[in-house]
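User: I would like to understand how the words used for a protein structure are tied to numbers. Could you take me through some of them?

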Amino acid sequence: MSRSNPVRQAPRYVAEVDEGGLGAVDAVRVSDRKSNLWLDAWRDLRGRWMFWISAVFIVFIVFVALFPGVFTQVPPNNDCYLANSNAGPQPGHPLGFTKQGCDVFSRIVHGTSTSLSVGVIVTVMVAVMGIVLGAFAGYFGGWLDSFLMRIGDIFFAIPYILAAVVIMSMFLHDRNIWIIALAIGFFSWPATARILRSEVLRVKQFDYVMASEALGLSKVRTMFLHVMPNSIAPVIVISTVGLAAAITAEATLSFLGVGLPNNIYMSWGNDISAAQVDLRTNPMTLIYPSIALSATVLAFIMLGETVREALDPKARAQR
Amino acid sequence: MAWYIVRRVLQGIPVFLGSTFLIYAMVFAMPGNPVLRMFGDRTPTEAQIAALEAKFHLDQNFFTRYFLYLGDVFQGNLGTTFNGQSVNEILIRTFPTTLRLALLAVIIQLVVGVTAGLISGLRKGGIFDHAALIVTLILISLPVFVLAFVAQWFFGIELGWFRPTVGQGAPWSDLILPAIVLAALNMAYVVRLTRGSVIETSQADFVRMAYGKGLPSRRVVPVHVLRNSLIPVTTNLAADFGILIVGATVTEGIFNVPGVGNELFKAINRHDTPEIVSIVTILVIVYVFVNLLIDLLYGVLDPRIRYVKK
């Protein structure tokens with residue numbers, strides 16, 4: 001594919017000469033495979049190794065998060081002895097111990113559900129807020145559009161981690177998964193809303209939208225039944241990548257010290273933060289949770305990437 | 001152009017007011033006494049409570065308070081931290097270092113990112129392109145503090161190429177490693193944006209035309225392809241800057257760079273809420289302002305933006 005002088009190749013739609021007649025040009029070939037956006041995307045995804053690696057890994061992570069007991073019997077927080085402080089691997093403790101003498105492997109396994117729950121809660125929250133606000137703004141237009149988008153601009157003007165730092169430092173004693181998810185998600189919806197809005201602006205020009213309204217469906221019903229399902233594709237992509245971003249954000253907040261309380265929740269960010277003082281003498285305690293965190297984030301970003309390429313013909317052409 | 005500037009600046013005003021108001025509301029509209037909440041698990045003295053209540057005008061109603069507070073910010077009166085330092089002095093002392101770090105990071109991000117993006121865009125599907133895609137994918141997935149620790153451990157401690165933490169006065173040579181870490185994420189985005197846009201531009205008619213009239217690649221690529229491919233990179237600078245602010249907080253904290261981010265990092269660790277709120281407010285104001293500048297720059301670079309019809 002490496003040409004120094006690329007030439008644009010436009011597909012040419014010319015009827016076969018021997019078929020003859022205009023009917024052959026317009027006819028729908030019944031024997032052709034059924035196809036729509038999602039089927040095309042699935043056919044594209046099916047053949048890509050990056051999709052399968054990330055999908056299998058995500059299934060595995062979800063399994064670890066749901067059933068940590070299958071992987072480790074060692075309690076992450078209650079079985080710590082200072083005699084084991086920073087000790088190396090032992091039978092039953094494959095990755096060694098933290099400074100507090102807790103089992104590193106067990107803490108990583110139990111930290112999975114924290115990261116994943118925060119990621120999922122933030123993603124659902126951001127998707128719902130973004131879809132509803134974006135759809136109303138795009139479909140109804142006018143003053144509602146201007147109003148919602150200006151509000152979005154304001155929320156967009158604050159980097160969401162900084163906002164979360166302020167919110168979390170206001171909740172010193174009652175931090176939990178819901179509060180941190182709210183703190184992250186509350187400022188990250190405008191990106192989703194903007195993308196959905198521009199997609200709705202495209203979709204609402206189609207004939208089936210006019211047909212739906214002509215048949216007597218109310219504007220709100222048309223929006224929910226016909227416009228939204230047809231403009232949701234880009235949101236799926238941004239939500240997958242957003243899940244990765246939310247996991248990173250939770251770890252960053254925990255690392256900074258405004259995340260989840262260390263003694264109740266296992267969080268990779270907390271573990272990395274706690275291990276930093278021994279970076280010179282015992283770097284592996286820091287590196288193991290970092291690998292878990294980065295691999296999880298990588299899996300979701302890879303999934304988002306492959307799905308984006310499958311759904312967006314423009315991205316497919318650049319591959 | 002003048003009309004574009006005026007319109008864009010006017011649009012910036014509600015964003016500025018709204019974002020500062022949101023931060024203010026996050027602190028003062030929550031239930032409970034905000035002053036007591038700021039102290040967390042410490043017990044303030046009567047005098048401290050009185051001083052903070054006076055500083056935040058807690059005897060006024062909510063909206064009056066907000067405008068009084070905004071007035072304070074504009075007069076450069078950002079209050080004091082729990083240990084009695086003035087936030088203004090902290091900012092004046094630390095801002096130059098952060099500015100140098102950010103400058104270095106932006107230079108690295110643009111030079112390396114655009115070069116790599118251009119090469120992989122021109123040789124689409126080649127070895128370099130595949131390598132660049134994989135490396136950027138990994139860089140995007142690494143949280144900045146993980147990258148910072150790995151770099152600090154590997155280049156600073158194991159190999160000893162750089163000092164693991166920044167020394168007195170933050171000389172430029174010590175800032176290189178933190179700047180690379182800070183630039184890494186944005187660099188990955190710049191590579192991908194440049195690549196995509198180079199691929200798109202090289203298929204444009206004017207590039208075919210340039211080749212068609214016999215221009216050599218060494219003229220077509222920089223003048224026709226690259227210049228037109230840089231527009232999306234410029235647009236994305238605003239988002240880059242947001243990543244830079246958050247990244248600077250983490251990177252400066254880890255490498256002990258004496259900058260604004262490090263102050264915020266330490267304030268968070270001390271639970272010094274008044275200082276956190278002051279620094280975040282300043283950072284958001286800077287962010288809104290930089291966004292405005294980038295939008296204006298975008299208008300200069302791309303004439304189509306200036307002439308949008310209402």
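**Words and their cut-offs**

Analyst: The side chains of B:Arg192 and A:Glu305 form a salt bridge, with 2.2 Å from N to O. This is a predicted model, in which local features need pLDDT of at least 70 and side-chain atom pairs count only at pLDDT 80 or more, while totals for chains, interfaces and linings use all residues. Residues are numbered from 1 along each chain as its sequence is written, and side-chain values use heavy atoms, with hydrogens and water left out.

User: Why is the meeting of B:Arg192 and A:Glu305 called a salt bridge?

Analyst: The term asks for a side-chain nitrogen of Lys or Arg within 4 Å of a carboxyl oxygen of Asp or Glu. The pair B:Arg192 and A:Glu305 has 2.2 Å from N to O, so the name applies. Between chain A and chain B the count is one salt bridge.

User: What makes A:Leu144 partly exposed?

Analyst: Buried means under 20% relative accessible area, exposed over 50%, and partly exposed in between (1.4 Å probe, protein chains only). A:Leu144 has a relative accessible area of 21%, so the label is partly exposed.

User: How do you know that the buried residues of helix α2 of chain A are on the same side?

Analyst: The buried residues of this helix (residues 37-46) are A:Ala41, A:Asp44 and A:Leu45. They cover an arc of only 95° around the axis, which puts them on the same side of α2(A); the arc is that of the directions from the helix axis to the C-beta atoms.

Notes
Chains are lettered from A and ligands numbered from 1 in the order in which they are written. Helices (H or I, at least four residues) and strands (E, at least two) are DSSP runs, numbered from the N terminus.
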